[in-house]
Amino acid sequence: MSEQTHNVVGGQARVESLVQANRIDAVHVHQARVLVHHPSFELPPEKAYFVDRAAEQQRIAAAATAEPDAAGTRPRILAVSGLGGIGKTALCVRAGHRLADRHPDGAHAAALRAAHGGGRTEPGTD
């Protein structure tokens, strides 16, 4: 006696493609992976001692929290420049920790010590 397969598709079903198998040994059901976003905060620790640079901290905070302008843009990168050893990194790390709650996707630090293009930046330019 031969086995016969009889398929019926009816109702409101719309069949784009149909695969028919003569014999099915097993059915495996795999759960979809749930992607969970884990924000990462990879800022160096703050220095224990910090000389108060209130004006610079306020300027960084104002630029980092600026509302979009008429064109819908706002600063995405803030650059701090100056002579070596004057506390630029400490200032930026401190600002990063203070502003971390405004960046729920995370905060990261990029070490740019080796990145010097030889170009000159005029003091006071943004």
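Here is a short walk through the charged contacts and a nonpolar surface patch in this structure. Keep in mind as you look around that the model is predicted.

Let's start with the charges. Searching the whole structure turns up three salt bridges. In one of them, the side chain of Glu-46 meets that of Arg-94, with an N to O distance of 3.4 Å. Glu-46 sits in the loop between S1 and helix H1 (54–64), while Arg-94 belongs to helix H2 (residues 88–99), so this pair ties together parts that are 48 residues apart in sequence.

Glu-46 also forms a salt bridge with Arg-98, and here the closest N and O atoms are 2.9 Å apart. Again distant parts of the chain are linked, since Arg-98 is in helix H2 and Glu-46 in the loop between S1 and H1, 52 residues apart. Glu-46 counts as partly exposed because its relative accessibility is 30%, which falls between the buried limit of under 20% and the exposed limit of over 50%. Arg-98, at 43%, is partly exposed too.

The next pair to find is Arg-53 and Glu-56, a salt bridge whose closest N and O atoms are 3.7 Å apart. Arg-53 is partly exposed at 26% relative accessibility, and Glu-56 is partly exposed at 34%. As for the salt bridges that share partners, they join Glu-46, Arg-94 and Arg-98 into one network.

Finally, turn to the nonpolar side of the story. Ile-24, Val-27 and Val-29 make a nonpolar surface patch of about 360 Å². Val-27 lies in the segment before strand S1 (40–42). With a relative accessible area of 68%, Val-27 is exposed, because the cut-off for that class is over 50%.

Methods
Residues numbered from 1 in each chain as written. Predicted model: local features only at pLDDT ≥ 70, side-chain atom pairs only at ≥ 80, totals over all residues. Heavy atoms only, no water. Patch = residues over 30% accessible without salt bridge, like charges linked within 9 Å, V, L, I, M, F, W, Y side chains within 5 Å. Areas by Shrake-Rupley, 256 points an atom, 1.4 Å probe, with all protein chains shown as cover. Salt bridge = Lys/Arg side-chain N within 4 Å of Asp/Glu carboxyl O. Helix = DSSP H or I, 4+ residues; strand = E, 2+ residues; numbered from the N terminus. Buried < 20%, exposed > 50% of the residue type's maximum accessible area, 1.4 Å probe, protein only.
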